Amino acid sequence: MPVSERVTTTVSTKGQVILPKAIRQSLCWEAGTRLVVESTREGVLLKPFPRFAETRPEEVFEILAYDGPSKTLGEMAAGVLAEAKRRHAGD
């Protein structure tokens with residue numbers, strides 16, 4: 001079933017709603033998946049609960065340990081590519 005196909009469901013007396021299996025599978029939502037529920041102008045929006053708390057870049061950059069001269073974007077890209085090749089050399 002295409003995700004955009006309309007289906008109906010019923011709210012139980014406990015406030016529970018069953019999401020059709022095809023939709024759960026297409027979104028990889030297994031039993032136990034935590035969802036954020038938002039009320040919107042058009043209805044209710046369900047989306048996966050974030051695995052990590054939101055952070056700002058300045059909160060993260062300070063914890064990255066590097067003691068040396070600044071690198072250019074080209075040097076950083078080359079370093080990432082070299083590490084990816086090293087990790088996948090045995091594949």
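Guide: A patch is made of residues with over 30% relative accessible area and no salt bridge, where like charges are joined within 9 Å and nonpolar side chains (Val, Leu, Ile, Met, Phe, Trp, Tyr) within 5 Å. Accessible areas come from the Shrake-Rupley method with a 1.4 Å probe, and for residues only the protein chains shown count as cover. The model is predicted, so local features need pLDDT of at least 70 and side-chain atom pairs count only at pLDDT 80 or more, while totals for chains, interfaces and linings use all residues. Residues are numbered from 1 along each chain as its sequence is written, and side-chain values use heavy atoms, with hydrogens and water left out.

Val60, Phe61, Ile63 and Leu64 make a nonpolar surface patch of about 430 Å². Helices (H or I, at least four residues) and strands (E, at least two) are DSSP runs, numbered from the N terminus. Leu64 lies in the loop between helix H2 (57-61) and helix H3 (73-87). With a relative accessible area of 55%, Leu64 is exposed; buried means under 20%, exposed over 50%, and partly exposed in between, with a 1.4 Å probe and protein chains only.

Charged side chains come next. A salt bridge is a side-chain nitrogen of Lys or Arg within 4 Å of a carboxyl oxygen of Asp or Glu, and the structure holds three of them. In helix H3, Glu83 and Arg86 lie three residues apart, about one turn of the helix, and their side chains meet in a salt bridge at 2.5 Å, N to O. Glu83 also meets Arg87, at 2.8 Å from N to O; these two are four residues apart in helix H3, and so about one helical turn separates them. Glu83 is partly exposed at 28%, whereas Arg86 is exposed at 55% and Arg87 is exposed at 61%.

Another salt bridge joins Glu38 to Lys47, with the closest N and O atoms 3.0 Å apart. Glu38 is partly exposed at 29%, and Lys47 is partly exposed at 34%. Strand S1 (residues 35-40) and strand S2 (residues 43-48) run antiparallel and are joined by six bridges; two strands pair if DSSP finds at least two bridges between them. A hairpin of two residues connects S1 to S2, and Ser39 stands opposite Val44 in S2.
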